[in-house]
Amino acid sequence: MNDVLAPEPGTDEVDILFFLIGDALYGTDASQVLRIDRSLPEDITLPDLGLPHRGLRALVFDTPEGEGHLKVDAVNGVRSIPVAALRRMPAAVAAAPYAVGVCLDEQAPRPVLLIDLVETAKTQGRH
Amino acid sequence: MATQARPEQEFFCFRVGDLRLGVPSENVLEVLRAGLLTPLPRTPSFVMGVTGHRGVVLPVVDLLRFLSKGEARIGPRTRLFVGVSGSFVAGVVADTVLGLRRIPVSDILPPPLGGDAAAEHLLGVVQASGTQEAINLLNFTKLLQTARQRAVAR
C-alpha cells in the first residue's frame with residue numbers, strides 16, 4: 001500500500017490527484033491511480049464520502065486482490081503539493097481508515113480530505 | 001481594616017445554543033472564526049469535522065451534540081475557541097463569546113445531583129447576576145478525555 005503522505009525520497013512535494021464525489025472535494029496520492037475509467041455499476045461507492053451525483057468516472061487503482069474502482073463525479077487534475085501542506089489525520093478523531101490525512105492547500109477554501117484508495121476497497125470489501 | 005482576598009478562578013465564557021458555558025481559561029488558546037469545515041467520515045456525531053489553523057488540523061467539537069442538548073449550527077458569526085488539554089487540541093463551537101470572567105471560587109456551586117449526563121462534565125455552576133442565566137462551568141480536561149474515549153471505543 002502506498003502511504004499517501006510519504007513523498008518520493010529526495011523530494012519535498014507529492015502529486016495529489018483531486019476528485020469530486022457529489023459536491024465534496026477529495027485528494028489522493030496520484031501514484032495510487034492507475035487510470036481514470038468509465039464507471040461500472042459494481043464500482044465502489046462509499047456513502048460516508050457522499051453519494052455521487054452521476055458517478056460516471058472511476059479511479060482505478062491496484063490492490064493485492066486486483067484492481068479497485070472508486071466511483072467519482074469528476075477529476076479536478078493533479079497538482080504537486082508541498083509535503084509541508086499535508087497533515088496526518090489526528091488519531092483522536094478516529095476517522096475511517098481510508099481518511100488518512102488532510103491537505104492544507106491555500107487554493108482550497110477548506111482542508112481537503114486525503115483518501116487512501118486501497119483502504120476504500122478494504123472497507124467496501126470488494127473490488 | 002484590610003479585606004481578605006477571595007480566591008478566584010478565570011473562565012472563558014461563551015454561549016452555544018441555549019447554554020451558557022465556561023471553560024477554565026488555561027484550557028483556551030485563542031478564538032477564531034469558524035470558517036469552512038471539512039466533514040470526516042465515520043466520526044462521532046459531535047465531531048463536526050476538521051479545520052486548518054496555523055498549519056494545524058483541528059478537530060471541531062459540537063458541545064451541544066456531545067452533551068445531548070441539540071446541535072450547533074455554523075453561521076457567519078460562529079466562533080471556534082481553540083481548547084487544549086495536555087497534548088490534545090480541538091476547536092469548540094461557540095455561538096457567542098461572553099468573555100473572560102474571574103469568578104470567586106466560593107461562588108461556584110456544585111453540579112446538580114441527579115443531573116443528566118452533562119452534569120458529570122461540570123466543575124460547577126455559577127449563578128449570574130440579575131435576570132441572566134446561570135453559567136455551567138465545564139471540566140474541559142475530563143470532557144476531552146471522554147470525547148477521545150467515545151471516539152475510539154466505537
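**A walk through chains A and B**

Hi everyone, let's start with chain A, where 3 strands form an open sheet in the order 3-4-5, with antiparallel pairing. Strand 3 and strand 5 of chain A stand at the edges with a single partner strand each, so one side of each has no neighbour in the sheet. From one strand to the next, the twist averages 30°.

Before going on, some housekeeping. This is a predicted model, where local features need pLDDT of at least 70 and side-chain atom pairs count only at pLDDT 80 or more, while totals for chains, interfaces and linings use all residues. Residues are numbered from 1 along each chain as its sequence is written, chains are lettered from A and ligands numbered from 1 in the order in which they are written, and side-chain values use heavy atoms, leaving out hydrogens and water.

A few words you will hear a lot. Helices (H or I, at least four residues) and strands (E, at least two) are DSSP runs, numbered from the N terminus. Two strands pair if DSSP finds at least two bridges between them. Angles run from 0 to 180 degrees between N-to-C directions, with axes fitted to C-alpha atoms, for helices over the stretch in contact.

Back to chain A. Strand 3 and strand 4 of chain A pair in the antiparallel sense over 5 bridges. If you want one to find on screen, Ile36(A) has Leu59(A) in strand 4 of chain A as its bridge partner.

Now, what lies across this sheet? Helix 1 of chain A lies across strand 3, strand 4 and strand 5 of chain A, and it runs at about 90° to strand 4 of chain A. Here, contact means heavy atoms within 4.5 Å. In helix 1 (residues 117-124) of chain A, the residues Leu117(A), Val118(A), Glu119(A), Thr120(A) and Ala121(A) are buried. Buried means under 20% relative accessible area, exposed means over 50%, and partly exposed is in between, with a 1.4 Å probe and protein chains only. What do those buried residues pack against? Their partners are strand 2 (24-29), strand 3 (33-38), strand 4 (57-63), strand 5 (66-72) and strand 9 (112-115) of chain A.

Look at the start of helix 1 of chain A too: a side-chain oxygen of Asp116(A) comes to within 3.0 Å of the backbone nitrogen of Val118(A).

One more stop in chain A is Ser31(A), in the loop between strand 2 and strand 3 of chain A. Ser31(A) counts as partly exposed, at 48% relative accessibility. Its side chain makes a polar contact with the side chain of Asp29(A), at 2.9 Å. A polar contact is a pair of N or O atoms within 3.5 Å; within protein, one must be able to donate a hydrogen and the other to accept it, and residues adjacent in sequence count only if both atoms are side-chain atoms. Ser31(A) and Phe61(A) are 30 residues apart in sequence, and their C-alpha atoms are 9.1 Å apart in space.

On to chain B. How many helices and strands does chain B have? The secondary structure of chain B comes to 2 helices and 10 strands, and along the sequence the pattern reads β-β-β-β-β-α-β-β-β-β-β-α. Of the 154 residues of chain B, 47% count as buried. The C-alpha atoms of chain B fill a box of roughly 60 × 35 × 30 Å along the principal axes.

Chain B has an open sheet of 5 strands in the order 3-6-7-5-4, with mixed pairing. At the edges stand strand 3 (28-33) and strand 4 (47-53) of chain B, each with a single partner strand, so one side of each is left without a neighbour in the sheet. Strand 4 of chain B pairs with strand 5 (residues 56-61) of chain B in the antiparallel sense, over 6 bridges. In one of these, Gly52(B) has Val57(B) in strand 5 of chain B as its bridge partner. Helix 2 (residues 140-153) of chain B lies across strand 6 (79-85) and strand 7 (88-94) of chain B, at about 90° to strand 6 of chain B.

Let's zoom in on strand 4 of chain B, the place of Thr51(B). Is Thr51(B) buried or exposed? Thr51(B) is buried, with a relative accessible area of 7%. Beyond its neighbours within four places in sequence, Thr51(B) is in contact with residues including Pro111(A), Ala34(B) and Leu80(B).

Finally, Arg54(B) sits in the loop between strand 4 and strand 5 of chain B. Arg54(B) is exposed, at 67% relative accessible area, and has a positive phi of about 50° although it is not a glycine.
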